[in-house]
Amino acid sequence: MTKSNHGFSTRAIHDGQAADPLTGAVNVPIYLSSTYQQEEIGRHKGYEYARVSNPTRDALETNLASLEGGSSAHVFASGMAAIMAMVTMLKSGDHVICGENVYGGTARLFNQIVVNYGIEFTYVDTSDVEAVRRAIKPETKLVHIETPTNPIMTITDIRAVAEICHAHKIELSVDNTFMSPYFQRPIELGADIVMHSTTKFLNGHSDGLGGVLVGTTPKHKEQFAFVQKCTGGILSPFECWLILRGVKTLAVRMEQHDESGRKVAAYLTQHKKVKQVFYPGLPEHPQHALAKKQMTGFGSMISFETGSLEKANTLLKSVHVCTLGESLGGVETLISHPATMTHAAVGEQERARLGITDGLVRLSVGIEDVDDLLADLDQALATL
Ligand SMILES: *Cc1c(COP(=O)(O)O)cnc(C)c1O
């Protein structure tokens, strides 16, 4: 089965993953072959060399295109490699508008590597749609956004930004890593390209890096396949298989992440040692209405304010079920300190401007028993 009209969970389990024609295996095999036998000059079964294409990778790409509602998908060795592949659509002299609080690695790639090739970047608060409009120049070719943002959970109106982009013949790419296609499908809201670090919710088990670009035009398909072939930053067959395996349970995992996320956010909100909670599912989140409109769930990314670096550190040292570590989107609950971990390179001044304080702690709520998570946070907060 390739792409079908079935529901999300059915597509997650079946699209791109017909039983193996040779053996009937219900799981797509991990094809570990760098090259393929050819019958005669120019005649083969569609596979020649593994940098160009691989059956396990094809299955994953078909599957992810189906889940995001795109026309093609191409997977790369990491989320960053996927963004780098997207950048190859640009030329010297082009201009990009980028969300001011995108993933730190994205800004680092743009500011320390891509600018050297004559591509210019303007960073704006994309939750302010007019700020996006004001930043447009004749050379603007791409707007790249992330919603919700990390770690303050600011929401950008994807449909509104897409309309501005299309009025100016600019493409909109959305990093959909935090929500996964289960809760947010930017292409349905007008985005042209969706990017993911599959390392996070899509894989879901914290055991493999990967990235994907889901495209909507024949040009995307051609360009991203060409980048795979030319630059070789492809995802290995084993890692493709890990993601195929992870995605089969995406729907049930996301439901549980969301249910537990809401419970943890509600618990933190009423705790007297917690000064502020950032979670789009809370009615007091300034963009709760927009979040409800463009997302079908709120996920499990939550940030909260402890008051100081010392308090944050005490809390992080005191948790037992939550694991102190970077990354997100796995079955296990990860807790982290944005100011010294994910946003250390951002600099103190910029962190202050973005609202990333030294007391801010971020949670990626996993799918353990939520009562164990609440008890763990409760005993850790009691030490403050
Ligand atoms: C992790 C992450 C990336 C980078 O992905 P890697 O797989 O680590 O290269 C990009 N965007 C977001 C939102 C992420 O969380």
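## Two prolines in one loop

Where does Pro148 lie? You'll find Pro148 in the loop that runs between strand S4 (140–146) and helix H6 (158–167). Keep in mind as you look around that this is a predicted model. The peptide bond joining Thr147 to Pro148 is cis, with omega at about -5 degrees.

Pro151 belongs to the loop between S4 and H6 too. Here the cis peptide bond is the one that joins Asn150 and Pro151, and its omega is about 0 degrees.

Now move on to the loop between H6 and strand S5 (171–175), where Lys169 is found. What is phi of Lys169 near? Phi is near 55 degrees, which is a positive value in a residue that isn't glycine.

## Around the ligand

Next, have a look at the ligand, which sits in the largest pocket. The residues around the ligand include Ser78, Gly79, Met80, Tyr103, Glu146 and Asp175, and also Thr177, Ser197, Thr199, Lys200, Gly210 and Leu328. Sort that shell by class and you get three nonpolar, six polar and three charged residues.

Which atoms pair up here? Gly79 uses its backbone: one of its backbone N or O atoms lies 2.9 Å from an oxygen atom of the ligand. Thr199 uses its side chain instead, with a polar atom there lying 2.7 Å from a ligand oxygen. For Asp175, an N or O atom in the side chain is 2.7 Å from a nitrogen atom of the ligand. How much of the ligand's own accessible area does the protein cover? The protein covers 93% of the 380 Å² that the ligand has on its own.

## A five-stranded sheet

Last stop: an open sheet of five strands with mixed pairing. Reading across, the order is S8-S9-S12-S11-S10. Strand S8 (276–278) and strand S10 (323–324) are the edge strands, and each of them pairs on one side only.

Strands of a sheet pair through backbone hydrogen bonds, and they can be parallel or antiparallel. How do strand S9 and strand S12 run, parallel or antiparallel? Strand S9 (residues 301–305) and strand S12 (residues 360–364) run antiparallel, and five bridges join them. To see one of these pairings for yourself, find Glu305: its bridge partner in S12 is Leu360.

Definitions and conventions: Residues numbered from 1 in each chain as written. Predicted model: local features only at pLDDT ≥ 70, side-chain atom pairs only at ≥ 80, totals over all residues. Heavy atoms only, no water. Near = heavy atom within 4 Å. Polar contact = N/O pair within 3.5 Å; in protein donor to acceptor, adjacent residues only side chain to side chain. Areas by Shrake-Rupley, 256 points an atom, 1.4 Å probe, with all protein chains shown as cover. 1 Å grid on protein atoms, 1.4 Å probe; cavity = no way out; pocket = protein on both sides within 12 Å on 5 of 7 lines; lining within 4 Å. Sits in = over half its atoms within 2 Å of the grid points. Nonpolar A, V, L, I, M, F, W, Y, C, P; charged D, E, K, R; others polar. Pairing = 2+ DSSP bridges. Helix = DSSP H or I, 4+ residues; strand = E, 2+ residues; numbered from the N terminus.
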